[in-house]
Amino acid sequence: MTKKESVYRRKTCRGCGSESLELVFALKPSPIGDAYVPQEKIDEEQKQFPIDLFMCKDCGLAQLSDVIDPDVLYGDYIYVTSSSMGLSQHFDEYAGKVIDRVGLSEGDQVVDLGSNDGTLLGSFKRKGLKVLGVEPAGHIASIANESGIPTLSAYFNRGQAREIADRYGKADVITANNVFANIDDLDSWVQGVGLLLADNGVFVFESYYLADLVRNMVFDFIYHEHLTSFSGSPPNLVD
């Protein structure tokens, strides 16, 4: 993608690399969902981007093939975790369950990818854990740092993982909540998780599920930030 391009269409599956992609659901092109328009610009035409959901015929992964430059999506990102009713309580309970299940001790390290304003990491920190956030939106990373949650303003990938491991050490737990679906280069991102995790480390992530999207007809989950809609196949019960 050149600097002049704000969107490109990938030709291969984000999961397996196959070129066998089939269009299964198409919405009309629209402006970016969070790009709200101030009153003084209400008559200005907004740039529109495709929202076409494809499915890989080889591995079954559902995905958007049109990828908007992350700096366009997240440069002026406005959503902060603390604004969602009930989410702070959810993350506080989540942190407690992770600590108990993994058997974390005071001083162990938790890294949150796509950490936003640090709400989740705040729960881990209050329970005695070392914490570090990685958040691409610089202004939101600043909010987290100002509230006492150490946060790097960066896009996570394989190279970034090496730098974090060298500077801060390996993570006992890596969390990623409502961010896994937003990643274009899944290979580099997942490899980065492996590089950053301690030998006995645990990776915990939350993401919406394609089957629930279809079952509940929540088609509004298909939008520019959500590049991948994950699903799972049942185990083969036939010998």
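Trainee: Where is His224 placed?

Mentor: His224 sits in the loop between α7 and β11; helices (H or I, at least four residues) and strands (E, at least two) are DSSP runs, numbered from the N terminus. Before we go on, this is a predicted model, where local features need pLDDT of at least 70 and side-chain atom pairs count only at pLDDT 80 or more, while totals for chains, interfaces and linings use all residues. Residues are numbered from 1 along each chain as its sequence is written, and side-chain values use heavy atoms, with hydrogens and water left out.

Trainee: Is His224 buried or exposed?

Mentor: His224 counts as buried because its relative accessibility is 4%. Buried means under 20% relative accessible area, exposed means over 50%, and partly exposed is in between (1.4 Å probe, protein chains only).

Trainee: Which backbone oxygen does the side chain of His224 reach at 3.1 Å?

Mentor: That is the backbone oxygen of Phe49. A polar atom of the His224 side chain also lies 3.5 Å from the backbone oxygen of Pro50. For a polar contact, we look for a pair of N or O atoms within 3.5 Å; within protein, one must be able to donate a hydrogen and the other to accept it, and residues adjacent in sequence count only if both atoms are side-chain atoms.

Trainee: And which residues is His224 in contact with, leaving aside neighbours within four places in sequence?

Mentor: Among them are Ser30, Pro31, Ile51, Leu64 and Leu73. Contact means heavy atoms within 4.5 Å.

Trainee: New topic! How many salt bridges does a search of the whole structure find?

Mentor: The search finds six. A salt bridge is a side-chain nitrogen of Lys or Arg within 4 Å of a carboxyl oxygen of Asp or Glu. One of them joins the side chains of Asp52 and Arg9, at 3.1 Å from N to O. That pair links distant parts of the chain, with Asp52 in strand β3 (residues 49-56) and Arg9 in strand β1 (residues 7-9), 43 residues apart.

Trainee: Which residues are linked with Arg9 in a network of salt bridges?

Mentor: Asp52 and Asp66 are linked with Arg9 in that network. Asp52 counts as buried because its relative accessibility is 16%, whereas Arg9 is partly exposed at 36%.

Trainee: What about Asp184, which side chain does it meet in a salt bridge?

Mentor: Asp184 meets Arg14, at 3.0 Å from N to O. Asp184 is in the loop between β9 (171-177) and α6 (186-196), and Arg14 is in the loop between β1 and β2 (21-30), so the pair ties together parts that are 170 residues apart in sequence. Both Asp184 and Arg14 are buried.

Trainee: And Arg126, what does it form a salt bridge with?

Mentor: Its partner is Asp92, and the closest N and O atoms are 3.7 Å apart. Arg126 belongs to helix α3 (residues 119-126) and Asp92 to helix α2 (residues 87-102), so this pair ties together parts that are 34 residues apart in sequence. Arg126 counts as exposed because its relative accessibility is 62%, while Asp92 is partly exposed at 31%.

Trainee: Last one: where is Gln109 placed?

Mentor: Gln109 is in strand β6 (residues 109-113). Gln109 is buried, with a relative accessible area of 5%, and a polar atom of its side chain lies 3.4 Å from the backbone oxygen of Lys170.
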